[in-house]
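Please look through the sequence and the model before reading the report. The headings take up one topic at a time.

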Amino acid sequence: MSRHDTAPGASAAIGAALYGLATRAARRLPRDMSLTSAATLATLERTGPRRITDLAAVEGVTQPAMTALVRVMEASGLVERRGDASDKRVTLVFLTEAGAAYVRTRSQAGVDAFERLIGELTGDEVEALMAALPALKHLAELESRDREGLKQ
């Protein structure tokens, strides 16, 4: 079924439901770090080392703000700056093992929270979510591709 074959308003209704779920989930995460800091760590975990300018663009903040954020995360041992082997003029931000562990722990906390909620659904509702998994995974891939396209 293509997007054009869906019932009128279906995309908007699904978008609203997903957005509402995502924002509520974000509010439930630990408040030990700003969302921008956590998102930056997740970006580094997903994409590997990046320039501060790239991180700023991807996370939607200014370069000075990202520099300050990286400085704080570096002092906390979550990231480190290293020179780029291919271009000595460039400094890259790397995720440390402590930073990677933080991302994994935060991600698992989110999975656990959803798992508890899913445990309260009916069998039919769980089956509906299982049937939607391929579409949800594809949606995540499209979002990642779209987000990567925005940074270029």
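The report goes from the overall layout to the helix contacts and then to the aromatic rings.

## Basis of the model

This is a predicted model, in which local features need pLDDT of at least 70 and side-chain atom pairs count only at pLDDT 80 or more, while totals for chains, interfaces and linings use all residues. Residues are numbered from 1 along each chain as its sequence is written, and side-chain values use heavy atoms, with hydrogens and water left out.

## Overall layout

The protein has 6 helices and 2 strands, where helices (H or I, at least four residues) and strands (E, at least two) are DSSP runs numbered from the N terminus. Their order along the sequence is α-α-α-α-β-β-α-α, and the C-alpha trace spans about 55 × 35 × 25 Å along its principal axes.

## Helix H2 against helix H3

The axes of helix H2 (residues 35-47) and helix H3 (residues 52-59) come within 10 Å and cross at roughly 120°; axes here are lines fitted to C-alpha atoms, for helices over the stretch in contact, and angles run from 0 to 180 degrees between N-to-C directions. That makes H2 oblique to H3, given that angles under 35 degrees count as roughly parallel, over 145 as roughly antiparallel, 65 to 115 as roughly perpendicular and the rest as oblique.

In this pair, Thr-36, Ala-39, Thr-40, Thr-43 and Leu-44 of H2 meet Leu-55, Val-58 and Glu-59 of H3, where contact means heavy atoms within 4.5 Å. The contact of H2 with H3 has 4 nonpolar, 3 polar and 1 charged residues; Ala, Val, Leu, Ile, Met, Phe, Trp, Tyr, Cys and Pro count as nonpolar, Asp, Glu, Lys and Arg as charged, and the others, Gly among them, as polar.

## Contacts of helix H4

H3 also packs with helix H4 (residues 63-75), at an angle of about 110° and with their axes 9 Å apart, and H3 and H4 are therefore roughly perpendicular to each other. Ile-52, Thr-53, Leu-55, Ala-56 and Glu-59 in H3 meet Gln-63, Met-66, Thr-67 and Val-70 in H4, a contact that divides into 5 nonpolar, 3 polar and 1 charged residues.

The axes of H2 and H4 come within 11 Å and cross at roughly 80°. Thr-36, Ser-37, Thr-40 and Leu-41 of H2 and Met-66, Leu-69 and Met-73 of H4 make this contact, with 4 nonpolar, 3 polar and no charged residues.

## A charge over a ring

Arg-82 lies over the face of Phe-94, at 3.8 Å from the ring centre; a charge sits over a ring if NZ of Lys or CZ of Arg is within 6 Å of the ring centre and within 35 degrees of the ring normal.
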